Amino acid sequence: MNNKVLIITNKGENYGTGHFNRSNLLKRHLEKMNIACDLLMGKNIPKEIASYQLVLLDSRDDEFPIEIIEKKNYYLMAMDNRGTGRKQCDLIWDTLPHINMNDDELKTSLKNCILDPVIYECTPMTTKSKIIRTLIENIESNSEIDLIQYAQKERIELSKELFHIKLIKSNKIGTYFGQTFFEALYLGKEIYLYDISEYHKQLSDWFTAKWNELPDLHDIFDGQGLHRLAILIRSILTGTL
């Protein structure tokens with residue numbers, strides 16, 4: 001296949017690095033399945049846009065570029081989009097729990113959660129995970145915590161590879177609600193979960209309550225979300241959906 005999939009993503013400023021990182025993971029996974037894929041940063045639409053069959057938007061709550069909406073010759077997917085893009089797409093794919101979800105939607109998002117291969121290739125240990133709600137001040141004064149992820153720092157200034165090695169080896173993790181939290185949850189760590197905003201506090205309180213209330217969430221979170229998404233995209237491209 002040639003130029004069948006276009007992923008539109010973003011990073012920096014209000015986007016962080018999570019959208020770009022997982023879009024890049026998806027691109028590599030699709031290419032292993034012999035599905036050609038391009039990754040676009042921002043909204044500079046390539047001239048050969050007509051050659052794409054599927055366009056996936058992974059850029060927070062952004063809308064699809066006007067050039068794509070006007071032609072609408074593409075199958076449109078959006079990931080974790082709560083904005084205009086959610087209404088524009090043919091299929092929404094939620095991979096992150098959101099406070100507005102009901103229990104079934106929460107289970108689906110955990111099933112679809114995208115993890116780095118170095119993480120999901122480890123044996124899932126979700127039943128051993130423990131979430132402890134706390135303050136960042138308490139984490140910094142706790143010498144027993146092996147690894148702390150600070151906001152506004154790129155994975156405590158380690159490369160992604162070194163960070164994941166340390167995460168896998170650590171027992172006690174200090175982090176906020178985000179990608180590292182779900183990686184630690186999958187690996188069965190003792191997680192000291194702090195908040196970097198009021199919104200993060202709402203998400204953390206809600207999810208922690210659900211995680212303790214719904215024990216079947218542990219089994220649903222099997223780390224295979226990346227492969228499920230790639231299989232879905234292949235079925236759309238081949239018309240077997």
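**Stop 1: H29**

Select H29. At 14% relative accessibility, H29 counts as buried, because the cut-off for buried is under 20%. H29 sits in helix 1, which covers residues 18-32. Keep in mind that this is a predicted model.

Now show the side chain of H227 as well. The side chains of H29 and H227 are joined by a polar contact of 3.0 Å.

**Stop 2: strand 3**

Move to strand 3, residues 54-58. Is this strand enclosed or open? Five of its five residues are buried, so strand 3 is largely enclosed by the rest of the structure.

Show the side chains here. In a regular strand, side chains alternate between the two faces of the sheet. In strand 3, L54, L56 and D58 point one way. V55 and L57 point the other way.

Next, bring in the partners. Strands of a sheet pair through backbone hydrogen bonds, parallel or antiparallel. Select strand 1, residues 5-9; strand 1 pairs with strand 3 in the parallel sense over five bridges. To see one of these pairings, pick T9: its bridge partner in strand 3 is D58.

Then select strand 4, residues 75-79. Strand 4 also pairs with strand 3 in the parallel sense, here over four bridges. Look at L57, which stands opposite A78 in strand 4.

Together, strand 3, helix 2 and strand 4 make a right-handed β-α-β unit.

**Stop 3**

Follow the chain out of strand 3. What is the phi of R60? Phi is near 55 degrees, a positive value in a residue other than glycine. R60 has a relative accessible area of 38%, so R60 is partly exposed.

Now go to D80, in the loop between strand 4 and helix 3 (84-88). Phi of D80 is positive too, near 50 degrees, and D80 is likewise a residue other than glycine. Is D80 buried or exposed? At 13% relative accessibility, D80 counts as buried.

**Stop 4: L91**

Select L91, in strand 5 (residues 91-93). L91 is partly exposed, with a relative accessible area of 24%. Keep A78 from the second stop on screen. L91 and A78 are 13 residues apart in sequence, and their C-alpha atoms are 6.7 Å apart in space.

Which residues does L91 touch, not counting those up to four places away in sequence? Show Y75, L76, M77 and A78, then L232 and I236.

**Stop 5**

Zoom in on strand 7. Two bridges join strand 7 to strand 8 (residues 172-176), and the two run parallel. L147 stands opposite I173 in strand 8.

**Stop 5: the aromatic rings**

Finish with the aromatic side chains. How many aromatic pairs does a search of the whole structure find? There are 11 aromatic pairs.

Start with F177 and F207. The ring centres of F177 and F207 are 6.0 Å apart and the planes stand at 70 degrees, so the pair is edge-to-face. F177 lies in the loop between strand 8 and helix 8 (179-186), while F207 lies in helix 9 (residues 198-213), so the pair ties together parts 30 residues apart in sequence. Both F177 and F207 are buried.

F182 is buried, with a relative accessible area of 0%. F207 counts as buried at 0% relative accessibility.

F177, F181, F182, Y186, W206, F207, W211 and F221 form one aromatic cluster.

Technical notes
Residues are numbered from 1 along each chain as its sequence is written. This is a predicted model: local features need pLDDT of at least 70, side-chain atom pairs count only at pLDDT 80 or more; totals for chains, interfaces and linings use all residues. Side-chain values use heavy atoms; hydrogens and water are left out. Two strands pair if DSSP finds at least two bridges between them. Rings of Phe, Tyr and Trp (its six-membered ring) pair if their centres lie within 6.5 Å; planes under 30 degrees apart count as stacked, over 60 as edge-to-face and the rest as tilted. Buried means under 20% relative accessible area, exposed over 50%, partly exposed in between (1.4 Å probe, protein chains only). A polar contact is a pair of N or O atoms within 3.5 Å; within protein, one must be able to donate a hydrogen and the other to accept it, and residues adjacent in sequence count only if both atoms are side-chain atoms. A crossover is right-handed if, with the strands pointing away from the viewer, the path from the first strand over the helix to the second runs clockwise. Contact means heavy atoms within 4.5 Å.
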